[in-house]
Amino acid sequence: MPDMPRKLPPYVQKERSRHGKVMYYVRAGSGSRRRIRLKSEPFSQEWFEEYRAALQGARREPESKVARQGTLEWLIGLYMHSADWARLAPSTRSQRQNIFLHVIESAGGAALTQIDRKAVERGRDRRIETPFAAKNYLKTIRALFRWAVLHGHMKTNPAEGVEVQAPKNHTGFHTWTEEEIARYQARWPRGTRERVALDVLLYTGLRRGDACVLGRQHVRDEVITIRMEKTKDEVSIPLLPELRKTLDAGPTGDLAFIATMAGRPFKKESFGTWFRIACREADCPGSAHGLRKAAAVRLANGGATVHQLMAWFGWKDESMAMGYTRAADRKRLARDAAALFGNHSPEPEARRPNPEKDDAKSTG
């Protein structure tokens, strides 16, 4: 097949040898000299696993040098070896570690006494073109400085009160429509791995990371019980008949329902890439998280209460569930209001002149 252009992950370099062979290398950070070659088939699951391992190895290089005490890099190092850091979900640690890497490159040598609100705002403003990246940056920095204040490394949290607003017209991940779900199911019928993936996500509402580990060991008496990766809370949801039909048709893995061609569980990052390809082939613009939102819409439209949604999706804050129930209530109220038009009789038609009857009345 021809070499199709693909967007390379961060820190991956593509080179062609003198013999014409294409090779990929990982080099983390502009100052790093070490390069690690990725030897597996490009963009395969094994390739992405090599990439993550190489990236983690490359990122450990700056830790070999001793950061000067009292600097931002020194504080980040302490925080990343703390119990607070260990309690974070692996996905959160990975995201924040990447943010810290960029922070260290740009301002790692800055003294903590020099870091004030304006410095945090400058970091936010450098990311203002991507508001959600700016939001994640603020979450990460705020948590770092909160920990620093708690343990006596700083007197105040310079990130406290610094905010960033997402665009008003941005609603986050696209919520799958019923038409898109039907189109995907038509392209990937029962008996395909792609259909197993969609139905697990849709009929459970689980996040991508949890859906990738869901297997028979989590099902008892047709009830799914799983501890969520992000919050560490346990949820119990019914295994719906439609999902049972799909799982019985397979193919599924031994340890996880959603599995690679080799029958092994997906890494959630490689699953995201694989699932996006399946969506494109079905002419669907959705993502895995968009199916979680579609599941919430279905339940809310079916009359689920705020607390039922919270129990199903593991939400601790009512505001998330209330957003779905309010939208469902608006649709329901609009339908009920439309029926009120039937309670009014139509206006009587204007009497049309009838010459014969009018003449009879006049002569009578």
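A: Buried here means a relative accessible area under 20%, exposed means over 50%, and partly exposed is in between. The model is predicted.

Start with F271. F271 has 0% relative accessibility, so it counts as buried. Two of its ring pairs are worth a look. With F266, the ring centres lie 5.6 Å apart and the planes meet at 65°. Planes over 60 degrees apart count as edge-to-face, so F266 and F271 form an edge-to-face pair. F266 is buried too, at 9% relative accessible area. With F275, the centres of the rings are again 5.6 Å apart, but the planes are at 20°. Planes under 30 degrees apart count as stacked, so F271 and F275 are a stacked pair.

F271 and F275 both sit in helix α11, residues 268–281. They are 4 residues apart, which means about one helical turn. F275 is buried, with 1% relative accessible area.

Now widen the view. Ring pairs join F266, F271 and F275 with W176, Y184 and W274 in one cluster. Over the whole structure, the search finds 18 aromatic pairs.

The largest nonpolar core has 50 residues. Its members with the most contacts to other members are W176, Y184, V200, F271 and F275. Helix α8 gives the most to this core, with 7 residues. A separate core holds 25 residues, including L112, V120, I141 and L144.

Just after α8, G205 takes a positive phi of about 75°.

Rings also meet charges. The charged end of R127 sits over the ring of Y137, 4.1 Å from its centre. R187 lies over the face of W188, with 3.8 Å to the ring centre.

Finally, the salt bridges. The count comes to 15. In helix α5, residues 117–125, E121 and R117 are 4 residues apart, about one turn. Their side chains meet in a salt bridge at 3.0 Å, N to O. Both partners are partly exposed: E121 at 21% relative accessibility, R117 at 41%. D125 and R124 also form a salt bridge, at 3.1 Å, N to O. Here the partners fall into two classes. D125 is partly exposed at 40%, whereas R124 counts as buried at 17%.

In helix α10, residues 241–249, K245 and E242 lie 3 residues apart, about one turn. Their salt bridge is 3.4 Å, N to O. K245 is partly exposed at 47% relative accessibility, and E242 is partly exposed at 31%. R190 joins E242 and K245 in a network of salt bridges.

Technical notes:
Residues numbered from 1 in each chain as written. Predicted model: local features only at pLDDT ≥ 70, side-chain atom pairs only at ≥ 80, totals over all residues. Heavy atoms only, no water. Phe/Tyr/Trp six-rings, centres within 6.5 Å; stacked < 30°, edge-to-face > 60°. Buried < 20%, exposed > 50% of the residue type's maximum accessible area, 1.4 Å probe, protein only. Helix = DSSP H or I, 4+ residues; strand = E, 2+ residues; numbered from the N terminus. Lys NZ or Arg CZ within 6 Å of the ring centre and 35° of its normal. Core = buried A, V, L, I, M, F, W, Y, C linked by side-chain atoms within 4.5 Å. Salt bridge = Lys/Arg side-chain N within 4 Å of Asp/Glu carboxyl O.
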